Amino acid sequence: MSEKLISKKTSHGSFDDAANAALFLAVFIGVWQAVFMFGIWPTISLPSPLMVAESFVKILWNHSLPVSIGVTLARLVAAFAISIALGTLIGLAMIKFKGFGKTLSSFSAGLLSFPSIAWVPFSILLIGFNDFGILFVVVMSSIFSIMISTYSSVRNIPPIYLDAAKNMGAKGFYLFRHVTIPAATPSLIIGIRQAWSFAWHAIIGAEILMSIVGLGHILSVGRDFLDMGQVIASMITIFAIGLLVDRLLLFKLDERVRRKWGLDHHR
């Protein structure tokens, strides 16, 4: 009965969220059109919503947008998988070796604030103008978030969980698999969401400067040819993909984990 009630509330909340989002978009487009009609900026600097829609159709029709989305997402998935694998392993090593963990956590916190675009010159000189150079920038921009998240999540597990499991005979890999990982998972998911945000920022920046194909590249082409319609269309695509991945994949995963662990306080 309670599950049906929760499902009903969730469905009702989703409908409200969609209605609010639609209302916000309608108001935003209306304000945009009004500013365009006032002629505050020339058309080349601020096209109308209809002109941007025509640019969308143009880059869809010549296949540059679908190809760019595919290339960018393929790079992102590869780099993000590397970040999660390496970041998790290094984070666990930081827990195992306390001195190493204490030192590296300080360095990681500093490198986490390092702007992703600042890795681009280093990557160009070290690796070159190629896909591996772009992957390097994305990995370096997101791996420290995974490392710190893994390190903090495991260290912040309440000791009573581990003590209770040990008193019942759990130890070694069994303790790690059935107590440590489940207890740390909610915080780990938050870290992955944060790392995804860093990775998404990094790949667009890297593609603007280092690639001849990708969403960042068509954004750069729009700038070079003074095509603001293409620039805005590219920005909307980048925003939409980032939002959809977060809301439909990472947010759902976060909600599912929190509900499974009894951490959903919005019931």
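Trainee: At 39% relative accessibility, does Lys58 count as buried, partly exposed or exposed, and what decides the class?

Mentor: Lys58 counts as partly exposed, because its relative accessibility is 39%. The cut-offs do the sorting: buried means under 20%, exposed means over 50%, and partly exposed lies in between. Keep in mind that this is a predicted model.

Trainee: Which partner does Lys58 have in a salt bridge?

Mentor: Start with the general idea. Side chains of opposite charge can pair when their charged atoms come close. Here Lys58 pairs with Asp227, and the closest N and O atoms are 2.8 Å apart. Lys58 sits in helix H2 (residues 49-61), while Asp227 sits in the loop between helix H9 (215-224) and helix H10 (228-260), so the pair ties together parts that are 169 residues apart in sequence.

Trainee: How many salt bridges does the structure hold?

Mentor: Six salt bridges. One of them joins Arg193 and Asp246, with 3.0 Å between the closest N and O atoms. That pair links distant parts of the chain: Arg193 belongs to helix H8, Asp246 to helix H10, and 53 residues separate them. Asp246 is buried, because its relative accessible area is 17%.

Trainee: Let me step back. How many helices and strands are in the chain?

Mentor: Count 10 helices and zero strands. Read from the N terminus, the elements run α-α-α-α-α-α-α-α-α-α. The C-alpha trace spans about 75 × 60 × 30 Å along its principal axes. Of the 267 residues in the chain, 35% are buried.

Trainee: Now pockets. What is the volume of the second largest pocket, and which residues line it?

Mentor: The general idea again. Rolling a probe the size of a water molecule over the atoms shows where empty space is left. In this model the second largest pocket has a volume of about 370 Å³. Its lining consists of Leu92, Ile95, Lys96, Val154, Leu162, Lys166, Gly172, Leu175, Phe176 and Thr180. Helix H3 (64-96), helix H7 (159-167) and helix H8 (172-210) each give two or more residues to that lining. The largest share, four residues, comes from H8.

Trainee: How do the lining residues divide into nonpolar, polar and charged?

Mentor: Six are nonpolar, two are polar and two are charged.

Trainee: Last feature. Which residues make a nonpolar surface patch of about 430 Å²?

Mentor: Phe24, Leu25, Phe28 and Ile29 make that patch. A patch residue needs over 30% relative accessible area. Ile29 counts as partly exposed, because its relative accessibility is 41%.

How values were computed. Residues numbered from 1 in each chain as written. Predicted model: local features only at pLDDT ≥ 70, side-chain atom pairs only at ≥ 80, totals over all residues. Heavy atoms only, no water. 1 Å grid on protein atoms, 1.4 Å probe; cavity = no way out; pocket = protein on both sides within 12 Å on 5 of 7 lines; lining within 4 Å. Points joined across faces, edges and corners; volume = space filled by probe spheres on them. Nonpolar A, V, L, I, M, F, W, Y, C, P; charged D, E, K, R; others polar. Patch = residues over 30% accessible without salt bridge, like charges linked within 9 Å, V, L, I, M, F, W, Y side chains within 5 Å. Areas by Shrake-Rupley, 256 points an atom, 1.4 Å probe, with all protein chains shown as cover. Salt bridge = Lys/Arg side-chain N within 4 Å of Asp/Glu carboxyl O. Buried < 20%, exposed > 50% of the residue type's maximum accessible area, 1.4 Å probe, protein only.
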